[in-house]
Amino acid sequence: MILNDATIKEITTRMERYPSRKSAILPALTYAYRQVGHLDAPVYKELSKIIDIPYVEIAEAASFYTMFPKKEVGRYLIQVCHNISCSLRGADNMLIYMQEKLGIKMGETTPDNLFTLISVECLGGCSAAPMMQVNQTFYEDLTREKIDKILADLSAEAEKDGK
Ligand code: FES
């Protein structure tokens with residue numbers, strides 16, 4: 001089993017709120033993602049059993065939501081918005097800077113497995129462009145200095161946790 005007891009309990013508790021099991025798919029994907037860090041076929045299989053919904057419906061729903069990574073990622077998944085508002089306010093430069101700083105290209109993970117860098121469509125934080133999301137946290141009005149601090153803080157946090 002990949003999903004632990006706590007995640008399964010969250011999913012089954014949430015299922016009780018809905019008249020249709022299908023309505024629990026998105027929350028179930030979210031809980032699974034929070035525990036595992038990505039979603040893939042083995043996770044879909046377990047969710048299919050827990051929710052009692054065909055595997056293909058779980059996989060279809062997951063494929064629609066790009067915010068769920070479909071393969072293993074680093075401890076910190078950095079999603080930099082490259083949509084119109086962020087692009088107009090320098091997102092491309094931020095992306096180039098982060099690739100240089102982390103020593104990886106878009107879609108790659110640092111060798112220490114700490115950071116995965118991807119670019120994404122609008123995250124809904126346009127008024128504070130350019131912005132990015134790291135795991136569940138938004139970082140807005142990005143500058144090179146802010147990026148330096150964010151990455152340093154995250155690295156320190158990981159080191160503190162012994163990872
Ligand atoms: S365009 Fe970047 S958050 Fe909307």
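Reader: What should I know before I look at the values?

Author: This is a predicted model, in which local features need pLDDT of at least 70 and side-chain atom pairs count only at pLDDT 80 or more, while totals for chains, interfaces and linings use all residues. Residues are numbered from 1 along each chain as its sequence is written, and side-chain values use heavy atoms, with hydrogens and water left out.

Reader: Why is tyrosine 44 called buried?

Author: Buried means under 20% relative accessible area, exposed means over 50%, and partly exposed lies in between, with a 1.4 Å probe and protein chains only. Tyrosine 44 has a relative accessible area of 8%, so it is buried.

Reader: What makes tyrosine 55 partly exposed or exposed?

Author: The relative accessibility of tyrosine 55 is 33%, and therefore tyrosine 55 counts as partly exposed.

Reader: Why is the aromatic pair of tyrosine 44 and tyrosine 55 called edge-to-face?

Author: Rings of Phe, Tyr and Trp (its six-membered ring) pair if their centres lie within 6.5 Å, and planes under 30 degrees apart count as stacked, over 60 as edge-to-face and the rest as tilted. For tyrosine 44 and tyrosine 55 the values are 6.0 Å centre to centre and 65° between the planes, so this aromatic pair is edge-to-face.

Reader: Which parts does this pair tie together?

Author: Tyrosine 44 lies in helix α3 (residues 41–51) and tyrosine 55 in helix α4 (residues 55–64), so the pair ties together parts that are 11 residues apart in sequence. Helices here are DSSP runs (H or I, at least four residues), numbered from the N terminus.

Reader: How do you know what kind of pair phenylalanine 64 and tyrosine 65 form?

Author: Their ring centres are 5.1 Å apart and their planes stand at 85°, so this pair is edge-to-face as well. Phenylalanine 64, at 62% relative accessibility, counts as exposed, whereas tyrosine 65, at 26%, counts as partly exposed. Ring pairs link Phe64 and Tyr65 with Tyr33 and Phe68 into a cluster.

Reader: What lines the largest pocket?

Author: The lining consists of Tyr33, Arg34, Gly37, Val73, Gly74, Arg75, Leu77, Asn135 and Gln136, and the volume of the largest pocket is about 200 Å³. A pocket is an open set of points on a 1 Å grid over the protein atoms alone, with protein on both sides within 12 Å along at least five of seven lines, and lining residues have an atom within 4 Å of a point.

Terms used: 1 Å grid on protein atoms, 1.4 Å probe; cavity = no way out; pocket = protein on both sides within 12 Å on 5 of 7 lines; lining within 4 Å. Points joined across faces, edges and corners; volume = space filled by probe spheres on them. Helix = DSSP H or I, 4+ residues; strand = E, 2+ residues; numbered from the N terminus.
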